[in-house]
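Have a look at the model first, then read on.

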Protein chains: 4
Amino acid sequence: MQSEQRTGVWIFGALGSIATHVLAGTAAIRRGLAPRRGLVTDMAPLTTLDLPGLDNLVFGGHELRPDTDPLGAAREIASRRGGLTRELVDAVEPELIAVAADLRPGCRAGLGAWAASLGVDSPGDADPVAETARMRADILEFRARHGLDRVVAVNLASTEPVSAALLGSQATGWDSFLAAHGPDIPASVLFSAAALQAGCALVNFTPSPALDLAPIRALALAQGLPICGKDGKTGETLLKSVLGPMFFARNLRVLSWESFNLLGNRDGQVLAHEGNKKSKLAGKSDLLRNVFDYPFHGEVHIDYVPSLDDWKTAWNLIHFEGFLGTRMMLQFTWQGCDSALAAPLVLDLVRLADLALRRGESGPMLHTAAFFKAPLGQVPVDLAGQMALLAEYAKTA
Amino acid sequence: MQSEQRTGVWIFGALGSIATHVLAGTAAIRRGLAPRRGLVTDMAPLTTLDLPGLDNLVFGGHELRPDTDPLGAAREIASRRGGLTRELVDAVEPELIAVAADLRPGCRAGLGAWAASLGVDSPGDADPVAETARMRADILEFRARHGLDRVVAVNLASTEPVSAALLGSQATGWDSFLAAHGPDIPASVLFSAAALQAGCALVNFTPSPALDLAPIRALALAQGLPICGKDGKTGETLLKSVLGPMFFARNLRVLSWESFNLLGNRDGQVLAHEGNKKSKLAGKSDLLRNVFDYPFHGEVHIDYVPSLDDWKTAWNLIHFEGFLGTRMMLQFTWQGCDSALAAPLVLDLVRLADLALRRGESGPMLHTAAFFKAPLGQVPVDLAGQMALLAEYAKTA
Amino acid sequence: MQSEQRTGVWIFGALGSIATHVLAGTAAIRRGLAPRRGLVTDMAPLTTLDLPGLDNLVFGGHELRPDTDPLGAAREIASRRGGLTRELVDAVEPELIAVAADLRPGCRAGLGAWAASLGVDSPGDADPVAETARMRADILEFRARHGLDRVVAVNLASTEPVSAALLGSQATGWDSFLAAHGPDIPASVLFSAAALQAGCALVNFTPSPALDLAPIRALALAQGLPICGKDGKTGETLLKSVLGPMFFARNLRVLSWESFNLLGNRDGQVLAHEGNKKSKLAGKSDLLRNVFDYPFHGEVHIDYVPSLDDWKTAWNLIHFEGFLGTRMMLQFTWQGCDSALAAPLVLDLVRLADLALRRGESGPMLHTAAFFKAPLGQVPVDLAGQMALLAEYAKTA
Amino acid sequence: MQSEQRTGVWIFGALGSIATHVLAGTAAIRRGLAPRRGLVTDMAPLTTLDLPGLDNLVFGGHELRPDTDPLGAAREIASRRGGLTRELVDAVEPELIAVAADLRPGCRAGLGAWAASLGVDSPGDADPVAETARMRADILEFRARHGLDRVVAVNLASTEPVSAALLGSQATGWDSFLAAHGPDIPASVLFSAAALQAGCALVNFTPSPALDLAPIRALALAQGLPICGKDGKTGETLLKSVLGPMFFARNLRVLSWESFNLLGNRDGQVLAHEGNKKSKLAGKSDLLRNVFDYPFHGEVHIDYVPSLDDWKTAWNLIHFEGFLGTRMMLQFTWQGCDSALAAPLVLDLVRLADLALRRGESGPMLHTAAFFKAPLGQVPVDLAGQMALLAEYAKTA
């Protein structure tokens, strides 16, 4: 019986919008103040798995911005009418204050031109070797302090620019990779190495390429640790993963699938920088390219519209051809609170990663494909096929 | 090898918009004038099945409106900018003229107040027994005249009002049913009996309750004939069959799902009559009720907007609740040419029914669930689950 | 200089959603806690008029539901995420508590089948003569108690069912009208009479037919009092009043203009009753009929969708014909908080009505046409033309 | 009585999509084959003006692409389901063939990198002085050949890149301008000079900066000729010119107004080039900047989506703040056939320019402001105010 056990959740980007929804939301659910919606692990057949309860989770993490605290972050979200109300934030004030003791400085390595817009110092003096060691020590100390059975590390930080050199690196081991590319390695990759070295399961909810890199994959296998990612599938891409297969199944030929994403949160602000945007867009457009076996016109646009805050508004236009070439159209507008969509999926992945860790499962968690825009491994591209993997896994309970 | 064989396709409602798209479209594809889009049976893994080619189909049918001919019907569609262009209609003029010889008068039984709006005589003097016999003879004569191997009967006629008494009938045999409810039995039911008595496979692409009635089901079983229906899933409901399961899988609680369908073709005109609309709406709203295991607000509206002609425009508003009760929204607008969406599915079903008939499969064709709003039998409600049934069937090739 | 003067605002339906936004919003603006948006009278050229400041208004009114108080009503709106936040409501708690002393029981006359749904007693025993006298006394007592210079009466109550007999009445004087139709006269009409008898200017922000009735018009003229109405133009109809004239000016022929209004507040609940809905819809569709000098298909639908609360979501489809008969389309979706749209217009009308009262202007306030769906008098139907009337009036400052 | 007179219409870009709609549409209307929709000059009060009839117009023009003819251009539009049907094109074949005799080669000066995509030779050898003289001669010869009373020149060519040096030029006379900037002057400016030198009234329906240039304005005044432009207001911007003023009049503060324009015709293809796009976007966003006297977020995007052809699909998201800062939203989707929207406005402008020419009116035709995105002169920014100018002008009849 695992319910006596306690699992640490170490978040990279611990005071971002998603993380703050996770922290405040978990506390609110524990107190019975809010409905427990959006958790896939609450649904059959996953309920038969011996997953940790939300009561068994202990939170900590790294955060870049020094002037932020969990309570302040939550209040700011409430004031901007995000997924947290002021009443709820007030009710979980003790938990939000308490978690501050488990936060440690983030990593400034690999920050692009947007460092300034985050209000942090230039990363010029960040030493990748020292930073990795420091983060590893932070996690181990967290684990020891709380006497945790296991720790799941979760990357929820902002999208970083990616250097092509890094992706094309021939280095297969972590140390040679570090030696070859040290100053170019973005923080999320250093963090991933640190987390694996500290024995954590690793969830990459962001577009960070960490899990695509051979040295990181090698580290996970060497340590026998489960990993999953990348880029949480929360809104528009979720829709694409059911609508794309629908058009394909019906032999309705998509001529153009134009996607426009408008958002105004820090994620949007960071994406206003071209380099960061490129990392993000790759995942978003790959999905449809994998659904259809023919070329079509399909641009994915992301625009920063400050007034929308965390309320992502996505408009898609799908122009398609049916019988005899008749041209028809589907449009949709998705208005979702990005962090409120992401937070329960993060909790789902933490629960599943904890189980995998406990079971000693190593490498890519293929059964989590449904949660990601660009899942690891050879997995189906449609949501239904991905959910079938999860159901199959549940049978192993 | 079946390719030498010839299959009859006998259409009830042979000059309606869907039927006309089927007739003109098949001819155009045979001549290589139009892309063969929208046929599900053209897609893997169904391509391994020994299905009849479009070249092997011979068309005929019943039609209510005496003043119509196939060429005129097709030209009218082209002039209203439906799914047929004038160039295409001109190119298949010979085929459209030829099929006229295989048309027979429709059946006026059970016509409601909308008989007048169809421009047909009042149904007062239609004798159900004689009408059934006459239709059976029409089909047998068609089969003999062309030396056909098999005939698939397809109901494509307008939605009829349904009497509750009929649906609640205790009669299990056709003759006793006919005796008990004769004058109340709508034409589509008489036609279904006639088709089965004539040894046809039966495809009910409309909301007609024919296949829900015990006497019709009994006839199919007694004759050892395959049947499938009801109500082709062409547009809005197709979307619901992927979007509903998506919300459910993500544990996003739907609060309201409001559906507005605007259309201006004869189907829309007929649906402007309350009785007919009720028959149609039942199927449309049942689907979501079966997806979600909790109550939600969900009205389905159909409105007749003449200027839209065959271009169904459907707007849906989905209001849902995520993490901590955060309320979010999805809207979509579907702009589809109803008949151009339906026609290839009709051809798919004809091909599949022909194969079932040849193989001697009897009763509900469960593998066709993906084609219908309200499929026969205990089948999954989501499109992916329904497509899996079809894929499973394809393995029997 | 009028700034020393004090004007009473007597609201019929004083604890409804609009009224609560007016009460809490005015208090918040006075305290400098909220931006002063949405007031037309804050814009040039109206700023030259000697209008009362928000500081000079004193509120009171009639309310039907006995179990409600202003603070509770405001908190309920905040909890449903309407146009008031909990922080704002907390900040103006003293004002909301204070206004309770100036509330008096509403009038139950003419309540239809929806009385029960409002949680009030059946109206069976309401005597129209006594009720009118009682309401008049309530207003006069309010005026005396606060030593007010003038009182503007505002109808913000729910839409009532209208009897055709009433609209077709031959009675021209109030007493004969009361004698002939007493028990059929809805509360809003009795209130209107009471307010005029008490010397108030009268603003009818609802679809109530009060100002269309000869006896009420006669009362206003006899008393020399300004009146305006009916039915505040807050959202979809506002859009129609600019988009309709745009299509007309461009000689683009509207074929169909379909309107779908979804809302979930008490207004929506009341409109779920057919009789009440009919009153409302009349005003909504008349506007476009007056813009175009040719027939078109144009249904206006109102549906009650509880989860939307006060957030009116309106979808319109406009199908139109341009050069050579080419058919094109415009769709819009309006997502507005009805009460937050209405409240500033109510304050505008109170300010304008107060000025008219002070100036001794009598009868229909033609310059307020821009504020109403169905304005009094012979006025332009387009917003621009109506705004020109207001600008013209401003020159009289 | 002017009806005996004949007016030449000389089009720059004579085989583009708009021009082809003008040519074929005018012929179809003359033959009574198509409804005369979309002409503003057909509406009161303009009907009192002594405007030329469509029967009195004679067409000719310059065209860049050598491999095109009017009939072929029209057939291509019909085949792509633009605003012309094949039936209509067939019916006016004689007129389309006849006009070919009045076409002359276009001008390759100032063509940017997109010259290749138009299938024309590089512009390297185009001499601006010679080209201007040649075009002037073409027009004069056209006038003489047909014995025309007057000629109206209309620029309907694709958007060109604009050099900042040109716009900032200090040259005030045409000759010094030509001397200073010769090789940088785009074709539309050379054409404008040629047309004015030939005594034509000049309508600039494109974003070309010709009429913003002092030397061109000086030419018009020196010759005493009427001019109007720029950039026809056909769709999205038309909506903005009524919706923007609506929000402003209501004191609803626009936070963000995001515009997405998708189109697939040659115009869209040309706009895919950054330089050309910049010229276009300037006009589109200026309008709203002039409506609101405060800053807001408002990006205008144009994307080339080939499958849409001439069917411009524009989605706008308007996020605004009302009473107490409550945030609300309007979205619209405009689906218009760009050329079918533009063509009748071109005919309107030709008619109005011909009248101005006949009357000897010189300089900017301020009364045509309603037709343009960026009208000349100090004119109102709202459509209603612009239509009032036109109505005022009509009184001079």
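Buried means under 20% relative accessible area, and over 50% is exposed, with partly exposed in between. Keep in mind that this is a predicted model.

Q: Why does B:Tyr294 count as buried?
A: Its relative accessibility is 13%, and the cut-off for buried is under 20%, so B:Tyr294 counts as buried.

Q: What makes B:Phe292 buried?
A: Here the value is 4% relative accessibility, so B:Phe292 lands under the cut-off of 20% as well.

Q: Why is the pair of B:Phe292 and B:Tyr294 called tilted?
A: The ring centres sit 5.4 Å apart, and a pair needs centres within 6.5 Å. The planes meet at 45°; stacked needs under 30 degrees and edge-to-face over 60, so tilted is the label for this pair.

Q: What makes the aromatic pair of D:Phe248 and D:Phe292 edge-to-face?
A: The angle between the planes is 65°, and the label asks for over 60 degrees. Centre to centre, the rings are 6.4 Å apart, and the limit is within 6.5 Å.

Q: Why does D:Phe248 count as partly exposed?
A: With 28% relative accessibility, D:Phe248 falls between the 20% and 50% cut-offs, so partly exposed it is. D:Phe292, with a relative accessible area of 3%, is buried.

Q: How do you know that the pair links distant parts of the chain?
A: D:Phe248 is in helix H10 of chain D, while D:Phe292 is in the loop between helix H12 and strand E8, 44 residues apart.

Note on methods. Residues are numbered from 1 along each chain as its sequence is written. Chains are lettered from A and ligands numbered from 1 in the order in which they are written. This is a predicted model: local features need pLDDT of at least 70, side-chain atom pairs count only at pLDDT 80 or more; totals for chains, interfaces and linings use all residues. Side-chain values use heavy atoms; hydrogens and water are left out. Rings of Phe, Tyr and Trp (its six-membered ring) pair if their centres lie within 6.5 Å; planes under 30 degrees apart count as stacked, over 60 as edge-to-face and the rest as tilted. Buried means under 20% relative accessible area, exposed over 50%, partly exposed in between (1.4 Å probe, protein chains only). Helices (H or I, at least four residues) and strands (E, at least two) are DSSP runs, numbered from the N terminus.
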